[in-house]
Amino acid sequence: MAEIVVPFMAGIYLLAAIIVIVMNLPAVPGALWQIVGGALGLTEAAGGVAGSVAAAAMNGIKRGLFSNEAGMGSAPNIAAVATPDPHHPSSQGFVQALGVFIDTILVCSATAVMIILSGVMEPGSGVTGTVLTQNALVHHFGAAGGVFVAVAIFFFAFTSIIGNYAYAENAFSYLGFGSKTGLTVLRVAAVLMVIWGAIQSVATVFNLADASMGLMATINLIAIMALSGTVAKLTRDYLAQRKAGKMPTFHLSQHPDIGRGVDPEIWQ
């Protein structure tokens, strides 16, 4: 269900953004410049705000991690149980990279453009996040825009909760805590975290999320560095097969130097 609903909702969301862009075409270049200037801290730097570039970069990295989880090590939990097509590890890696592009460059940029073109963003008003996005779509599409954002957020949030719980349960089982008692504790903790997040302020939730994701990314980046040589070999093998006009495939028996820790039944 989630595999169908989420892409469908994201597609409608991007279609709405295209409609808004077409309706406000003359103002789009200015909106794009405002996005780029704000992301790089150029607007604040022009105004003489010290440390604006570093602050913009730090906030952008935090929100980027929140939107696409790149480098955190969570998405590979799904990649690990997927069946790549072509049957090569690098093909799944390229799919994950495409997901980052769609989340950040398309969906996030579409949101920013619709908000800026609506004119509802008032500095110092304290209106941010979902409410700001709802206000923008209400401006562009009337009351239906606000309803659509609410429905979309529900599906995105619900599938995120289910997905992250699945990651945690798999990790629990791998670490030897997959007993009925262990999973019950995990499920209760997950429900309590959802309730806690619903009643806390957005700033508090984001601060905890940033700290948690920073810890995950730190651990995962160490693993990425350790596996970088293997990734480079696999990518070269994948690209070489594509260049030769072949459908890339990976057979572990042909790569004895990277066989350690790899399930031979999957890549035989």
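What is the volume of the second largest pocket? About 160 Å³, where a volume is the space filled by probe spheres set on grid points joined across faces, edges and corners. A pocket here, on a 1 Å grid over the protein atoms alone, is an open set of points where a 1.4 Å probe fits, with protein on both sides within 12 Å along at least five of seven lines; lining residues have an atom within 4 Å of a point.

Before going on, a word on the ground rules. This is a predicted model, with local features needing pLDDT of at least 70 and side-chain atom pairs counting only at pLDDT 80 or more, while totals for chains, interfaces and linings use all residues. Residues are numbered from 1 along each chain as its sequence is written, and side-chain values use heavy atoms, with hydrogens and water left out.

Back to the pocket: its lining is L14, A17, I18, I21, V28, L32, I105, L106, S109, A110 and V113. Helix 6 gives the largest share, 5 residues. By class, the lining has 10 nonpolar, 1 polar and no charged residues (Ala, Val, Leu, Ile, Met, Phe, Trp, Tyr, Cys and Pro count as nonpolar, Asp, Glu, Lys and Arg as charged, the others, Gly among them, as polar).

Now for the helix pairs. Axes are lines fitted to C-alpha atoms over the stretch in contact, and angles run from 0 to 180 degrees between N-to-C directions. A crossing is left-handed if the near helix is turned anticlockwise from the far one by less than a right angle, and right-handed if clockwise.

| Pair | Angle | Axes |
|---|---|---|
| Helix 6 and helix 7 | about 60° | 9 Å apart |
| Helix 7 and helix 8 | roughly 145° | within 6 Å |
| Helix 8 and helix 9 | about 150° | 11 Å apart |

Helix 6 and helix 7, by contrast, cross left-handed.

Terms used:
Helix = DSSP H or I, 4+ residues; strand = E, 2+ residues; numbered from the N terminus.
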